[in-house]
Amino acid sequence: MENQLERLYAIDLLGILVHKYQDGQLEGEIIHQYKEESTPFFGVLDLIKKMEFQYDEWDYPQTSTRDRSFRKREKYSYPNRKGKKRLPDEAGTLEKFPIIQKRGKVSTFFIHTKYRQNATWQGDIFRVEEEACFPFKSVLRMLQIMDREMRKDQGKDA
Amino acid sequence: MDSKEIRNGTFIVQVKYTENETWQGKVTWAEKNKSQYFRSALEMLKLMDKALTEEDFPDEEEEE
């Protein structure tokens, strides 16, 4: 029953445990295999920011574009990664915690972001309840997939 | 980012293209009369969020 789920693996796999999805409010927790504690999120923007923060911490997937700002002449400063290892360099040695058994009250997604190109993310999103995997080429698409999948449960029109 | 201060702002979003399954265009921050191009919906959100959360943002600091 959980074959597909058990085969799901990526060093940067993020679990999104959705505990609430109502009236546009998305709340839950973000989990990954290198930490026992979860990171709660409140709202779509918060989810995206926290996921991106994690990818930036790992420097994986490496982003291919610099962040823009309304300040046109802002000098770009490369993030200081002194003492920080990139995830691919240390994933083999880090202690790992099982995450694929964790569930959100409303829905559970596992996201494997493979690339960060075009100022967005590309990868696959796996929905546990459907045992279905959907590719995405942008964060926008990823969110649309999550919304569509959760609305199915709520019996709403897509 | 964890500030409880209520910030607000007005943004005008012009979506000019929809490539790579996302949006490309220009977002204008009305209060500061500043605009910036975005290459994805994510970038647009980050621009708006940074504008709303950044502590001090100079006005009219440079010419277009």
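Guide: Let us begin with how an angle is defined: axes are lines fitted to C-alpha atoms, and angles run from 0 to 180 degrees between N-to-C directions. The model before us is predicted.

Visitor: Which strands does helix α1 of chain B lie across?

Guide: Helix α1(B), residues 41-53, lies across β1, β2 and β3 of chain B. Its direction is at about 150° to that of β3(B).

Visitor: In what order do the three strands of that open sheet in chain B stand?

Guide: In general, strands of a sheet pair through backbone hydrogen bonds, either parallel or antiparallel. Here the order is β1-β2-β3 in chain B, with antiparallel pairing. The edge strands, β1 (11-17) and β3 (34-38) of chain B, each pair on one side only. On average, neighbouring strands of the sheet are turned by 15° against each other, direction ignored.

Visitor: How many bridges join β2 of chain B to β3(B)?

Guide: Five bridges link β2(B), residues 24-29, to β3(B). As for individual residues, B:Lys26 is opposite B:Tyr37 of β3(B).

Visitor: Turning to cores, which residues touch the most other members of the largest nonpolar core?

Guide: In soluble globular proteins, nonpolar side chains tend to be buried together. The largest core in this model has 29 residues, and those touching the most other members are A:Ile16, A:Met51, A:Trp121, A:Ile125, A:Met142 and A:Met146. Elements supplying at least two residues each include β1 (14-22) and α2 (44-58) of chain A. Helix α4(A) gives the most, six residues.

Visitor: What does A:Ile16 contact beyond its sequence neighbours?

Guide: Leaving aside neighbours within four places in sequence, A:Ile16 has contacts that include A:Phe41, A:Leu47, A:Met51 and A:Met146.

Methods:
Residues are numbered from 1 along each chain as its sequence is written. Chains are lettered from A and ligands numbered from 1 in the order in which they are written. This is a predicted model: local features need pLDDT of at least 70, side-chain atom pairs count only at pLDDT 80 or more; totals for chains, interfaces and linings use all residues. Side-chain values use heavy atoms; hydrogens and water are left out. A nonpolar core is a set of buried Ala, Val, Leu, Ile, Met, Phe, Trp, Tyr and Cys residues joined through side-chain atoms within 4.5 Å. Buried means under 20% relative accessible area, exposed over 50%, partly exposed in between (1.4 Å probe, protein chains only). Helices (H or I, at least four residues) and strands (E, at least two) are DSSP runs, numbered from the N terminus. Contact means heavy atoms within 4.5 Å. Two strands pair if DSSP finds at least two bridges between them.
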